[in-house]
Each structure stands twice: as structure tokens, then as C-alpha cells.
Amino acid sequence: MSSGHIPVLLKEALDILNIKQGNIYVDGTLGGGGFSEDILIRLHNDGFLIGIDRDSEAVRNVQLEFEKKFDNKNFKLFHSNFSKIDEIIKSEGFAGIDGVVLDLGISSIQLEGGRGFSFNEVGEGGLDMRMDKENSLTAYEIINYYPEKTLADIIWRFGDEKFSRKIAKRIVEFRKNKTVETSLELADIVRKAVYRSYGKFKQFKTDPATKTFMALRIFVNKEYDSLTEFLEKLKNVLNKGGVVAIISFHSGEDRIVKHFFKNCSDFKPINKKPIIPEDEEMKNNPRSRSAKLRAFNRV
Ligand SMILES: C[S@@+](CC[C@H](N)C(=O)[O-])C[C@H]1O[C@@H](n2cnc3c(N)ncnc32)[C@H](O)[C@@H]1O
């Protein structure tokens, strides 16, 4: 497996996909290649894997690794958005696929890559937060040039942050003197706004900057739009009996998945409740703590 990213709920997701030789699968969030590698191993050279990531670096790295590891070239990797799944499948000449997995969010490689995603020193960088560097909108532009009300709305809507107005106010105060350049600078502004609202003695379970950073990342990358577009295309690409497995990491994206399938008679849930990681996985990989896996059959 590629170094740097520990996959979450990997075995659970792939068991549910029920990989069968000769079938065609899509990994819509290639990342460090952990899921794709396991799919290829389970295919035993018989079947085909399409891997997609909107991050060109991720695709390049996994391509190099897989070329060395897998002689039988029964895979193709695409630098694209999983919302384009229909076009990608068509371009390969396939009428439909037998399974697709999405492991949403960002990888540890991106988080620690100095691209502005991280509010910690590891991964500190300029305020960018684009998964796809071909997109034009960056977190820098939002933080330094958006009006206070718009900033507050973004932090509230995509981060569920109750101090969104106070945080936005503090950002705008800061930028009267200078622009906010780095992720650490932004984290510091946000923490101060939250500390001030709570008082000094509050103990925080998670860093007070978490929700603001999540909101910005979701907004910069239009993550909800991509997910919704993907879900709407699903019934046209997934063969009957095929499986879709989606791992989400926060309530906003899980809500989109849950509501979509609740109102769609083309799919049946495989499990009544979402699957969550075992205690052991949560202990070894803190990122997994908020993970939820939902899977559905195309009927
Ligand atoms: C959590 S990581 C996936 C890790 C992967 N399962 C593994 O085993 O290494 C999420 C990846 O999905 C990619 N991604 C997120 N949204 C995407 C989208 N709409 N289209 C394509 N890739 C996306 C990110 O760039 C990131 O590399």
C-alpha cells in the first residue's frame, strides 16, 4: 500500500462490495491507492478497476506504484472528479459497472502536504486547500477578500460552527492590517475567537479550528455538489445487483447520502445501520473515529 495514508474501514467496504473476478469496479477516491490495491488483489488479474482522483499528484503517485506492482494492466487511473463517473465509464467502452466505492474527504498525504488543509504545524502551508490545483478558487481568496457575512455563512453552513459570526468578525479585523497568509495564521485567529467566546478554562476535545477548516475545505472544493452529482448519476452506471459503498467523515456528507437513498427506489440498503470502525481501528487511527460506511444494492 502507498505510504502516508492509512485507509479507514477498508476490509468492511471491500467485503460489502463483494468483489468477483471478471467484474468492473470503480474507486472514486483513489488517494494513496489503498482501496484500489486491495480491489486489484481480490480480482486476481481477472476484471477491471477504474481509479479516479481529482488530485493529479495522487493519481501520478499511485500510477507509478501500480505499474511496478501489477503486471497485468487491468486498471486505468483518471485525474478527474467522481461526479464525471458516467463519462469516464463510457470513455472506456463499458456499459455499466458492478461496484463503486467512495472514501470521502482528504487523505493524510494531502493533509500533511503543506497545502493549507492543516491547522497543525505538521502540514503547515499557504492557504490553498484545493484538492485539484486546476480549480481557481483558493481558501486564500475566501479568507482575505470575501465579505464578513459571506465568511460567517460559509463557516456556519459547512462547518456547523456556532461561533461562525465571531470567527468571521475576527478574520476581518485581522485583515485590516495584513492579509492572512498561512494555515497556522488562520488557525490562530479562529482559536482566539473561540477561546474568547468560551473563556480561558474550557477544555476542548477537538481543536477549536477544526470546524472552520472543514467548512473552508468543503466550500473550496464544492464537495457537496460533487457528491450530489455522483449520486444522481449512479443508477445509470451501476449494473443491477451492483453495490455502492460510501464512507463519510462528517454529518453534512452523511446526511446527503442518507437522504438520497431514502428517497430513491432504485437502491436497497445492505445494512440497516451504517457500519462504524471497530474499537481497535479507532484506537490505532484517530481519523477513523467519525467514519460511517453506508452501502446499497442497485435493484
Ligand atoms: C480519504 S482519501 C481516499 C483514500 C483512499 N481510499 C486510500 O485508500 O488511500 C480521499 C481522496 O479522494 C479525493 N477526492 C475527494 N473528492 C473527490 C471528488 N469529488 N472526485 C475525485 N476525487 C476526490 C481526494 O483528493 C483524496 O485523494
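User: Which residues does Ile-247 touch, not counting residues up to four places away in sequence?
Analyst: In this predicted model, Ile-247 touches Val-8, Leu-9, Ala-13, Leu-102, Asp-103, Leu-104, Ala-291 and Leu-293.

User: Which residues of the largest nonpolar core touch the most other members?
Analyst: Ile-247 is one of them, together with Ala-13, Leu-17, Tyr-25, Val-244 and Ala-245. That core has 53 residues. Strand 5 gives the largest share, 6 residues.

User: What does the second core include?
Analyst: Phe-163, Ala-187, Met-214 and Phe-219 are among its members. As background, nonpolar side chains tend to be buried together in soluble globular proteins.

User: Back to Ala-13. Which residues of helix 1 are buried?
Analyst: Helix 1 covers residues 10–17, and its buried residues are Glu-12, Ala-13, Leu-14, Ile-16 and Leu-17.

User: And what covers the buried residues of helix 1?
Analyst: The cover includes strand 1 (24–27), helix 2 (34–43), strand 4 (97–103), strand 5 (238–248) and strand 7 (292–298).

User: What follows helix 1?
Analyst: Asn-18, with a positive phi near 55°. For context, most residues other than glycine have a negative phi.

User: Where is Asn-45, and what is its phi?
Analyst: Asn-45 sits in the loop between helix 2 and strand 2. Its phi is near 65°, again a positive value in a residue other than glycine.

User: Is Asn-45 buried or exposed, and why?
Analyst: Asn-45 counts as exposed because 12 other C-beta atoms lie within 10 Å, and the cut-off for exposed is 12 or fewer.

User: Where is Met-129, and what is its phi?
Analyst: Met-129 is in the loop between helix 5 (108–111) and helix 6 (139–145). Its phi is near 70°, also positive.

User: Buried or exposed, that Met-129?
Analyst: Met-129 counts as buried, because it has 26 C-beta neighbours inside 10 Å and the cut-off for buried is 20 or more.

User: Switching to the ligand. Which residues come nearest?
Analyst: Thr-29, Gly-31, Gly-32, Gly-34 and Ser-226 come nearest, out of 24 residues around the ligand.

User: How does that shell divide by class?
Analyst: There are 7 nonpolar, 13 polar and 4 charged residues. Helix 2 and strand 2 (48–53) each supply at least two residues of the shell.

User: How is the protein divided into domains?
Analyst: Domain 1 takes 10–109 + 223–298, and domain 2 takes 136–220. Their C-alpha centres lie 31 Å apart.

User: How many residues does the contact take from domain 1 and from domain 2?
Analyst: It takes 5 residues from domain 1 and 4 residues from domain 2. On the domain 1 side these are 2 nonpolar, 2 polar and 1 charged.

User: Overall shape, then. Why does the radius of gyration agree with a compact globule?
Analyst: With 299 residues, a compact globule would come out near 19 Å, and the protein has 20 Å, so the two agree. Along the principal axes, the C-alpha atoms fill a box of roughly 60 × 40 × 35 Å.

User: How many helices and strands?
Analyst: The protein has 13 helices and 7 strands.

User: What share of the residues count as buried?
Analyst: 44% of the 299 residues count as buried. As for contacts between residues at least 6 apart in sequence, 70% join residues at least 24 apart.

Notes:
Residues are numbered from 1 along each chain as its sequence is written. This is a predicted model: local features need pLDDT of at least 70, side-chain atom pairs count only at pLDDT 80 or more; totals for chains, interfaces and linings use all residues. Helices (H or I, at least four residues) and strands (E, at least two) are DSSP runs, numbered from the N terminus. Two residues are in contact if their C-beta atoms, placed from the backbone, lie within 7 Å. A nonpolar core is a set of buried Ala, Val, Leu, Ile, Met, Phe, Trp, Tyr and Cys residues joined through C-beta atoms within 7 Å. Domain bounds come from an automatic or database domain assignment. Ala, Val, Leu, Ile, Met, Phe, Trp, Tyr, Cys and Pro count as nonpolar, Asp, Glu, Lys and Arg as charged, and the others, Gly among them, as polar. A residue is near a molecule or strand if its C-beta atom, placed from the backbone, lies within 6 Å of it. The radius of gyration is taken over C-alpha atoms; the globule rule is 2.2 Å times the number of residues to the power 0.38.
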